Amino acid sequence: MSPLKRSNNIAARMGRWSANHWKTAVFGWLAFVVASVVLGGAIGTKYLEEDDLAVGEAATANKIIEAGFPQSPDEQGEIVLLQSKTLTADDPAFEAAIKDVTKTLDAYPNVRKLDSPLEQGREDLISDDRHAAMIQFSPKGDYDQAIAYIDTIVAGVDKTAERHPALDIEELGSASTGKAVDEAFSNMLKTAGMIALPLTLIILLFVFGSAVAALVPLLLAITAVMATTSLIAFPSQIVPVDEQIGEVILLIGLAVGIDYSLFYLRREREERAAGRSEHAALEAAAATSGRAVLVSGITVLIAMAGMFLSGDKSFMSFSIGTMMVVAVAMIGSLTVLPALLGRLGDKVEKGRIPFVHRLRSKNGESRVWGAILDRVLRRPVVSAVAAGAVLIALTVPALSLNTTTTGLDDISIPEIEPMKRLDDAFPGGNDPATVAIKANDVRAPQVQDAIVALKKEALATGQLKGPIEVEASRDNTVATVDITLVGSGTDAESQAALATLREDVLPSTLGEVEGVEYAVTGTTALDKDWEDKMKTSAPLVFGFVLLFAFLIMLASFRSIVVALKAILLNLLSVGAAYGILVALFQWGWGESLLGFQSNGGITPWLPMFLFVILFGLSMDYHVFILSRVREAYDRGLSNEEAVAYGIKSTAGVVTSAATVMIGTFLVFAVLPVIDMKEM
């Protein structure tokens, strides 16, 4: 192999310094990780609250309610559901069970606002077929306070249920079910993480063919994830983060951390196999793959930064978390990795798996990819047209993409089943739309007349139903009107009912009273306003990512054609991913092919998140391949030779890196939530 000129790019300089000061680099990194964990744990991470996610009219309504009811914590609603296939609510045994449960609940000092179906005027707490009834109450305090003692109340209800074996009696609600679901998901995510790590190690063992070489990237990625998961506590004090930020950091951190180490380490091994000394091989890897890692990392950082333009606080927190873990992983790859390689030298090949090495030629090229690419490069036009046609065909389904909010039926865990049974017995009656009303005096005759008219017109639509509950603030400046929407709360029927309320009923009633401000919130309203916000912000995010990716490619390779091709090819890749997603989950092909449940649409947050992640990571691979092509061309190879050499020498590495990502993400597809399966 011809000698490489000594490079002075920043990656090469970082690599040389780290190799010459390996103790400082390695122990400095370990100290950084430990300090991050300690300091992050001491500060604590601030998470987003439910109101932080509200946008549009729903956010306005929440602010009105908060101003009128400032002392009210987020009230938790609990329900005890009583059901029987044979008995009805009129049977003495059923009534006795209701009285017993009510008496049990009333004995707890933390139970307030206890409502029984046996009370006068509470027929709404009995199902239409009269085979189910519910007892409602509110635990004292907010969610965090309620979950501290809710298990005691649940245990009391369970003991009461034992005295009435003819009925199915179970407690559910925001505190009891919320706590159980949170614990279930936490355990599942931990299990998924525990599976992902050994699976990644197994893949890396086959990629490198040796135990030491496989462990180095994995340990570097894990420490980067640990540091970032703790460091996120610092920005969270200013911008609270989503509760799922840890899982996002784990997925992206493992993916890019292993990718960058893989690019670097494989190049160093190739140079060493080609006859260079340990020092020269490391220097060559730092100057070439190190630079590619730097450019790739910056590209991914900018792609992730696009989520800031969404205006959604969850996406903003994902942006912060992913940018941080990419930056930490990139710095670790450019400093700690060369330090370890400089120290280990050829010992990095310890613990070899012999047959894996035979799959690669001596110059590091993949034998399999080499055979494929020889045929592809003989007929480049035919190959390009064929590959382009396949990608376009896969993209076509994406043209029909529509979003659907995740409902109860899209979650398959035992803890959520009581909620489904409640929904079956009392369809569409759990989470009403809340009209927030602000006026100088909500008790004024004209306002009260408008509220009466609101009730009458709402019920007359057939899309809105009772009971309609009205509550006024102590200073009489704010009132809330709770109205139940037909449908499940997340389906088209509920969306249509919300539109009727907002566009027809309210303008013709409250809208006729001068000086009255009103807005609608609730689960359905929150989802609708969030989806509308994403539709307006998505073009900004997409445009930002495309523009800056183009500029980075242009600055890195000094070619408009190369930059445009990179953008086009990556758009085709993203489009194909969207198309497959639509076919599997929206069209329902996944139900027959893979057993994936279909709910007729894609979860609303996924398209934007997927675009940013896919585009950033696919540009990652593009930069790595083009860097090798450019390197070969600069060393005197013809254009055709440089392309052939660049692709052949990187195809195996890119495929290996992608395989690691696929394995990592695939683990989360087994989680019983449609959102995770789609992601």
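Modeller: Lys and Arg count as positive and Asp and Glu as negative; His and the chain ends are not counted. This is a predicted model: local features need pLDDT of at least 70, side-chain atom pairs need 80 or more, and totals for chains, interfaces and linings use all residues. Numbering starts from 1 along each chain as its sequence is written, and side-chain values use heavy atoms, without hydrogens or water.

Biologist: How far apart do the centres of the positive and negative side chains lie?

Modeller: The chain has 56 positive and 77 negative side chains. Each charge is placed at NZ of Lys, CZ of Arg, CG of Asp or CD of Glu. The two centres are separated by 17 Å.

Biologist: What share of the chain is buried?

Modeller: The chain has 679 residues. Buried means under 20% relative accessible area (1.4 Å probe, protein chains only). The buried share is 51%.

Biologist: Which strands are the edges of the open four-stranded sheet?

Modeller: Strands are DSSP runs of E, at least two residues; helices are H or I, at least four. The order is β6-β7-β5-β8, with antiparallel pairing (at least two DSSP bridges). Each edge strand pairs on one side only. The edges are β6 (464-472) and β8 (517-521).

Biologist: Which residue in β7 stands opposite L464?

Modeller: β6 and β7 (residues 478-485) pair over six bridges, in the antiparallel sense. Opposite L464 stands L485.

How values were computed
Buried < 20%, exposed > 50% of the residue type's maximum accessible area, 1.4 Å probe, protein only.
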